[in-house]
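Here is a friendly walk through some labels that come up when reading a protein model. Each label is set against its cut-off.

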Amino acid sequence: MSSEDCVLFQKEHRTVYQDMTRPLCEYFISSSHNTYLISDQLIGPSHLWGYASALMKGCRCLEIDCWDGSNDDPVVYHGHTLTSKISFKTVIQVIGKYAFLASDYPVIVSLENHCSPKQQEVMADYMKTILGDRLVTSTIDGKMPTELPSPEALKFKIIIKNKKLGTLEETLERTGTDIHGQTGEFEEVQTTDDEIDDEPSAKEPLLKKRRASWKGAGPPRKKQKMKKVKLALVLSELVIYTKSRKFVSFEDSREKQKFYENHSMSEGKARKAAKTQGNA
């Protein structure tokens, strides 16, 4: 029964057999959500093992929820819950250690950034110092591309996904300049009350939201449609190939979205968009 003749898994599929030279956006990427949580989403521990385990299983996209910590040292935890906190610095150290043990292909670090500009600078410094040359800080040749590079071209590289100030072209023009201490601000469309969102907003903690659902709460109250986002430029400049962009509609994405911009959305919102805009 254990002979090669009885093995269901195809032998040639034990190694990478697909074409890995196409643009990054053409691939399904093994991703994790709330990577730091290894138990309950409300009261469980945040643990470094979440990152090590995900990477050793071949996961190529990790999430870090970043919040201001004491002594200007950012922490990672599920905001507005009773989950424990771990140091952002140690998370980056673990990612650096385990990133390419199971796979040579790039790792995307998705930052859910709630930190002040001051601690955003600390985050950027940690990532540059700890990850070194593995961290993507510019395009492959330093020139403005027209499409995303391939997984093959990004082997052993770590890519930061976050919001970004301005365009990739502007980032390349600032190469070599000292931008420490500089910040920027922009307005972002806020989630409206008719959208289904799996994540709590900063104004509605998850515990409170969960209690409300238990009590049979009525329709959600209307939220502010615009919010201001402050970013430290040194963190923004680390976003090269994966700039977070708010999803508005498929039509808006076709007309305005750049090749290095991408969306994150809840399953509920994705289902709704597929039903209402799928044929647009």
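The questions and answers below go from the overall picture to single residues.

Q: What makes up the secondary structure, and how many of the 280 residues are buried, as a percentage?
A: This is a predicted model, where local features need pLDDT of at least 70, side-chain atom pairs count only at pLDDT 80 or more, and totals for chains, interfaces and linings use all residues. Residues are numbered from 1 along each chain as its sequence is written, and side-chain values use heavy atoms, with hydrogens and water left out. The protein has eight helices and nine strands, taken as DSSP runs numbered from the N terminus (helices H or I, at least four residues; strands E, at least two). Buried residues make up 41% of the 280, where buried means under 20% relative accessible area, exposed over 50% and partly exposed in between (1.4 Å probe, protein chains only).

Q: Why are α2 and α3 called roughly parallel?
A: Helix α2 (residues 88-98) and helix α3 (residues 117-131) pack at an angle of about 30 degrees, with axes 10 Å apart. The axes are lines fitted to C-alpha atoms over the stretch in contact, and angles run from 0 to 180 degrees between N-to-C directions. Angles under 35 degrees count as roughly parallel, over 145 as roughly antiparallel, 65 to 115 as roughly perpendicular and the rest as oblique. The two helices are therefore roughly parallel to each other.

Q: Which residues make the contact of α2 with α3?
A: From α2 come Phe88, Lys89, Ile92, Gln93 and Gly96, and from α3 come Met123, Tyr126, Met127, Ile130 and Leu131; contact means heavy atoms within 4.5 Å. They divide into seven nonpolar, two polar and one charged. Here Ala, Val, Leu, Ile, Met, Phe, Trp, Tyr, Cys and Pro count as nonpolar, Asp, Glu, Lys and Arg as charged, and the others, Gly among them, as polar.

Q: What makes the pair of tryptophan 67 and tyrosine 77 tilted?
A: The structure holds four aromatic pairs, and this one has 5.7 Å centre to centre and 55 degrees between the planes. Rings of Phe, Tyr and Trp (its six-membered ring) pair if their centres lie within 6.5 Å; planes under 30 degrees apart count as stacked, over 60 as edge-to-face and the rest as tilted. Tryptophan 67 lies in strand β1 and tyrosine 77 in the loop between β2 and β3, so the pair ties together parts ten residues apart in sequence. Both tryptophan 67 and tyrosine 77 are buried.

Q: How do you know whether phenylalanine 100 is buried or exposed?
A: Phenylalanine 100 has a relative accessible area of 14%, so it is buried.

Q: Why is asparagine 71 called exposed?
A: Its relative accessible area is 76%, so asparagine 71 is exposed. This residue sits in the loop between β1 and β2, and its phi is near 55 degrees, a positive value in a residue other than glycine.

Q: What makes serine 110 count as buried?
A: Serine 110 has 12% relative accessibility, so the buried label applies. This residue of strand β4 touches Cys61, Leu62, Glu63, Ile64 and Lys161, not counting residues up to four places away in sequence.
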